[in-house]
Amino acid sequence: MASIGQIVNPTSGSDALSRARQRAALIPDCLVEAKRIANTVIAGWHGRRKRGIGENFWQFRPYAEGESLSRIDWRRSARDDHTYVREREWEAAHTIWLWCDMSPSMMYKSSYGSVSKESRALVVMLALAEVLARSGERIGCPGIMDPVSTRNAAERLASALMHTPLTGGLPETAMIRGWSDLVLIGDFLDDAQAVMERLGPLARRGLRGHVVEIADPAEEIFPYSGRTEFTDPETGAKLISGRAEHIREAYRSAYLARRESLGQSLRHLGWTFATHHTDHLASEALVAIHMYLSGMPAKATHGGQL
């Protein structure tokens, strides 16, 4: 039987950044959604609008005795018998931590997927950094880059990725303070309970989490048959099945049960969870994360799959 999947070489940060920018330029829905959010919510994508120091108009309210006359909006006040003050909208950058899994299992690509899981995760993360930076948010990567608020945040993140040894497993999060957002992108093939033991304490610290599972279609449908050799990318251990089709249903049940358990546990914490397949457009995952970060329900199909 012909080979269905293979382990690919790691994608460099610079190549992934280039693809992320091309993706943002070529996919209209991604750009339209990013511009809409940036133009309507000055504090980012999180619905945190309120009055305060800023340049954008917030609302008119009646003038209170003792306030400075310079705050009165005379044009609005001339419309009726009341005196009104123009209030501005509060501006504040939000801290969003981005992370994608670089463990060996992410290097997998089958003939059913358009790119490797590692490549797709990098593109989504760097494209998200690019769009978030345009909205004035503070972007960080746990253990790799401290939060920055700059238009070239994606370039800085890509550079940090190129110069930082990457290891598998979930990131260290001691540097993350509460009331931040954490976007985690990976295949999350570890035991769901083990993953939740790491993520549960973060939710209790006040972090809003958004987990995107990157899946190759072959991992889900298990299209193998006949004599097949399987290799564990993490340990190199091999398993030879004389008739792979005989274990298909048992495998699929275990694979989908892991996903369902993880998703339910995360939603119980108030976090979001979605699955993105590498045979779909990267813009689908990007737009879904946009919606999650802005506090709006994302458009998803098949129970949270993108």
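Modeller: Bear in mind that this is a predicted model. I would begin with D181, which counts as buried because its relative accessibility is 0%, under the 20% cut-off.

Biologist: Which residue does the side chain of D181 meet in a salt bridge?

Modeller: The partner is R208, and the N to O distance in that salt bridge is 3.0 Å. D181 belongs to strand β8 (residues 181-186) and R208 to strand β9 (residues 208-215), so the pair ties together parts that are 27 residues apart in sequence.

Biologist: And is R208 buried, partly exposed or exposed?

Modeller: R208 counts as partly exposed, with a relative accessibility of 34%, whereas D181, as I said, is buried at 0%.

Biologist: How many salt bridges does the structure hold?

Modeller: There are nine salt bridges in the structure. One of the others is between the side chains of R258 and E213, at 2.8 Å from N to O. This pair links distant parts of the chain, with R258 in helix α8 (residues 248-268) and E213 in strand β9, 45 residues apart.

Biologist: Why do R258 and E213 count as buried?

Modeller: Buried means under 20% relative accessible area, so R258 qualifies at 11%, and E213 qualifies at 0%.

Biologist: Which residues are linked in a network of salt bridges?

Modeller: E213 and R258 are linked with E220 and R259 in such a network.

Biologist: What about E229, who is its salt-bridge partner?

Modeller: E229 forms a salt bridge with K238, and their closest N and O atoms are 3.7 Å apart. E229 is partly exposed, with a relative accessible area of 48%, while K238 is exposed, with a value of 55%.

Biologist: Switching to helices, at what angle do the axes of α4 and α5 cross?

Modeller: The axes of helix α4 (residues 117-134) and helix α5 (residues 153-162) cross at roughly 145 degrees and come within 7 Å. The residues that meet there include L122, M125 and L126 from α4, and L157, A158 and L161 from α5. By class, the contact between α4 and α5 has ten nonpolar residues, two charged ones and no polar ones.

Terms used. Residues are numbered from 1 along each chain as its sequence is written. This is a predicted model: local features need pLDDT of at least 70, side-chain atom pairs count only at pLDDT 80 or more; totals for chains, interfaces and linings use all residues. Side-chain values use heavy atoms; hydrogens and water are left out. A salt bridge is a side-chain nitrogen of Lys or Arg within 4 Å of a carboxyl oxygen of Asp or Glu. Helices (H or I, at least four residues) and strands (E, at least two) are DSSP runs, numbered from the N terminus. Buried means under 20% relative accessible area, exposed over 50%, partly exposed in between (1.4 Å probe, protein chains only). Axes are lines fitted to C-alpha atoms, for helices over the stretch in contact, and angles run from 0 to 180 degrees between N-to-C directions. Contact means heavy atoms within 4.5 Å. Ala, Val, Leu, Ile, Met, Phe, Trp, Tyr, Cys and Pro count as nonpolar, Asp, Glu, Lys and Arg as charged, and the others, Gly among them, as polar.
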